[in-house]
Amino acid sequence: MLARAADWLTPDGRFVADLDLSSIRLADGRPAGRRLTALMHDAGFAYDSRRRRISRTGRSELRLPYRFLGADDRAGPNYTGQPAVHSHHAEER
């Protein structure tokens, strides 16, 4: 979805979304962690870990090396106490 959002932007358009990176998991259930954060940064996204907010200014065609596998609705509450899901992704090399 992040790649699509970047492609939809105008040259000076702005994308901002709440994103709890701890809910993005690899196929084995481990959090995607620092590698995902580094890839997003390299792709021009900024991530505020305190606010759990991702942003980007300007259009870009990009591809992140992950394939969506599915979601787990048994993740329990997130940092706000609301029900959450974990999305599972396979790393593509």
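Modeller: Take the second largest pocket: β5 and β6 each put at least two residues into its lining (strands being DSSP E runs of at least two residues and helices H or I runs of at least four, numbered from the N terminus). This is a predicted model, where local features need pLDDT of at least 70 and side-chain atom pairs pLDDT 80 or more, while totals for chains, interfaces and linings use all residues. Numbering runs from 1 along each chain as its sequence is written, and side-chain values use heavy atoms, without hydrogens or water.

That second pocket has a volume of about 170 Å³, counted as the space filled by probe spheres set on grid points joined across faces, edges and corners. Its lining has 13 residues, and D20, S23, N78, A84 and V85 sit closest to the centre. A pocket here is an open set of points on a 1 Å grid over the protein atoms alone where a 1.4 Å probe fits, with protein on both sides within 12 Å along at least five of seven lines; lining residues have an atom within 4 Å of a point. By class, six lining residues are nonpolar, five polar and two charged (Ala, Val, Leu, Ile, Met, Phe, Trp, Tyr, Cys and Pro are nonpolar, Asp, Glu, Lys and Arg charged, the others, with Gly, polar).

Now the largest pocket, at about 560 Å³. It's lined by 19 residues, with M1, L2, A3, L64 and H89 nearest its centre.
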